[in-house]
Amino acid sequence: QVQLVESGGGLVQAGDSLRLICAASGYIFSAYNMGWFRQAPGKEREFVAAIPLSGAKAAYADSVKGRFIISRDNAVNMVYLQMNSLKPEDTAIYCCARAPGVVLTTRQRDYDYWGQGTQVTVSS
């Protein structure tokens, strides 16, 4: 079965860095676009970053552009989210997800499988 398992979250101070990891299994990893989304308490889930099949040019939300970097390693079925210069407003549950198709998408409705998420908490 398809599984997406996130790890790497934690409690950090503003300005610190974290690296999130999404371990994928149960499908041909290299055949899917992958993305990161986040949801804070009382808010709707929002797009963070997405990367195409080949790991070519990625897409980022304006709120994280220049601070976060998404990457993937198709040899080990992993997606990463390097988060730098973290801010309290980055506090959320971060989930990875996959999207079929050849066109990179930032729309969460295009993603068909989701992980359960990992908590990131940034204190001021």
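The side chains of Arg38 and Asp90 meet in a salt bridge, with an N to O distance of 2.9 Å; a salt bridge is a side-chain nitrogen of Lys or Arg within 4 Å of a carboxyl oxygen of Asp or Glu. Arg38 belongs to strand E4 and Asp90 to the loop between E8 and E9, so that the pair, 52 residues apart, links distant parts of the chain. Helices (H or I, at least four residues) and strands (E, at least two) are DSSP runs numbered from the N terminus.

The model is predicted: local features need pLDDT of at least 70, side-chain atom pairs count only at pLDDT 80 or more, and totals for chains, interfaces and linings use all residues. Residues are numbered from 1 along each chain as its sequence is written, and side-chain values use heavy atoms, with hydrogens and water left out.

**Salt bridges**

The count of salt bridges comes to six, among them the three tabulated below.

| Pair | N to O distance |
|---|---|
| Arg38 and Asp90 | 2.9 Å |
| Arg67 and Asp90 | 2.8 Å |
| Arg107 and Asp110 | 3.0 Å |

Arg67 lies in the loop between strand E6 (59-60) and E7, and its pairing with Asp90 ties together parts that are 23 residues apart in sequence. Arg38, Glu46, Arg67 and Asp90 are linked in a network of salt bridges.

Accessibility is classed as buried under 20% relative accessible area, exposed over 50% and partly exposed in between (1.4 Å probe, protein chains only). Asp90 counts as buried because its relative accessibility is 1%. Arg38, at 6%, is buried, and Arg67, at 10%, is buried too. Arg107, by contrast, is exposed at 56%, while Asp110 is partly exposed at 24%.

**Nonpolar core**

A nonpolar core is a set of buried Ala, Val, Leu, Ile, Met, Phe, Trp, Tyr and Cys residues joined through side-chain atoms within 4.5 Å. The largest one has 36 residues, and Trp36, Leu81, Met83 and Tyr94 have the most contacts inside it. Strands that each supply at least two residues of this core include E3 (18-25), E4 (33-39) and E8 (78-83). Leaving aside residues up to four places away in sequence, Leu81 touches residues including Trp36, Val48, Phe68, Ile70 and Tyr94, contact meaning heavy atoms within 4.5 Å.

**Strand E1**

Strand E1 (residues 3-7) has a covered face, Leu4 and Glu6, and an uncovered one, Gln3, Val5 and Ser7. E1 and E3 run antiparallel and are joined by five bridges; two strands pair if DSSP finds at least two bridges between them. Glu6 has Cys22 of E3 as its bridge partner.
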